[in-house]
Amino acid sequence: RYAQSAAYVGRGVVFLYGGFQTMNTLKSAYVLDICERRWVKVPRLKSTSKENWPQARRGHTMVYNSQSKKIYLVGGKSIKKGVIGDVGVLDCSILH
């Protein structure tokens with residue numbers, strides 16, 4: 001796995017999304033608990049529509065805003081669609 005992006009969201013938690021592995025662009029999300037030294041896969045909730053879950057991507061950027069407790073996921077590239085020019089927002093208030 002490479003070309004993924006990660007954002008530190010405080011309290012020993014890192015959020016990771018996307019990347020590239022074995023000729024596939026990924027749309028998986030993981031949380032790293034630094035204190036426990038373990039990765040946990042973030043499941044896509046059944047109630048989350050495809051429009052609300054970011055498409056598979058690599059080479060994107062993520063930044064965390066500590067005031068709003070949101071991660072902004074920007075751009076990247078996909079095998080199917082090429083360059084992606086969108087911005088996704090993840091509310092991390094449930095992680096704290």
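β1 and β2 form a hairpin with 2 residues between them. Strands here are DSSP runs of E at least two residues long, numbered from the N terminus. In the turn, Arg11 has a positive phi of about 50°. Most residues other than glycine have a negative phi. β1 runs antiparallel to β2, which covers residues 13-17, and 5 bridges join the two. Within this pairing, Ser5 stands opposite Tyr17 of β2. Ala7 stands opposite Phe15, also in β2.

The model is predicted: local features need pLDDT of at least 70, side-chain atom pairs count only at pLDDT 80 or more, and totals for chains, interfaces and linings use all residues. Residues are numbered from 1 along each chain as its sequence is written, and side-chain values use heavy atoms, with hydrogens and water left out.

The secondary structure of the chain comprises 0 helices and 11 strands. A helix would be a DSSP run of H or I with at least four residues. Along the sequence the pattern reads β-β-β-β-β-β-β-β-β-β-β. The chain has 96 residues, and 35% of them count as buried. Buried means under 20% relative accessible area, exposed means over 50%, and partly exposed lies in between, with a 1.4 Å probe and protein chains only. Among contacts in the chain with a separation of 6 or more, 37% link residues 24 or more positions apart. A contact requires heavy atoms within 4.5 Å.

Two strands count as paired if DSSP finds at least two bridges between them.

Ile34 lies in the loop between β5 (29-33) and β6. Its relative accessible area is 41%, so Ile34 is partly exposed. Not counting residues up to four places away in sequence, Ile34 touches Tyr8, Gly12 and Val14. Val13 is 21 residues from Ile34 along the chain, and their C-alpha atoms are separated by 6.1 Å.

A further open sheet holds 3 strands in the order β7-β8-β11, again with antiparallel pairing. β7 and β11 (87-91) are the edge strands, and each pairs on one side only. Neighbouring strands of this sheet are turned by 20° against each other on average, direction ignored. β7 and β8 run antiparallel and are joined by 5 bridges. Thr61 stands opposite Val74 in β8. The loop between β7 (61-65) and β8 (70-74) contains Lys69. Lys69 is not a glycine, yet its phi is positive at about 60°. With 33% relative accessibility, Lys69 counts as partly exposed.

Another positive phi occurs at Thr22, near 45°, again in a residue other than glycine. Thr22 lies in the loop between β3 (20-21) and β4. Its relative accessible area is 66%, so Thr22 is exposed. Thr25 sits in strand β4 (residues 24-25). Thr25 counts as buried because its relative accessibility is 15%. Leaving aside neighbours within four places in sequence, Thr25 contacts Gly19, Phe20, Ala56, Arg57, Arg58, Lys77, Ser78 and Ile79.

The pocket analysis follows. Rolling a probe the size of a water molecule over the atoms shows where empty space is left. On a 1 Å grid over the protein atoms alone, probed at 1.4 Å, a pocket is an open set of points with protein on both sides within 12 Å along at least five of seven lines. The second largest pocket has a volume of about 330 Å³. Such a volume is the space filled by probe spheres set on the points, with grid points joined across faces, edges and corners. The second largest pocket is lined by 14 residues, and Lys27, Gln55, Ala56, Ser78 and Lys80 lie nearest its centre. A lining residue has an atom within 4 Å of a point. By class, this lining has 5 nonpolar, 4 polar and 5 charged residues. Nonpolar covers Ala, Val, Leu, Ile, Met, Phe, Trp, Tyr, Cys and Pro; charged covers Asp, Glu, Lys and Arg; the others, Gly among them, are polar. Ala56 and Ser78, both listed nearest the pocket centre, are also among the contacts of Thr25.

Definitions and conventions. Axes fitted to C-alpha atoms, helices over the stretch in contact; angles between N-to-C directions.
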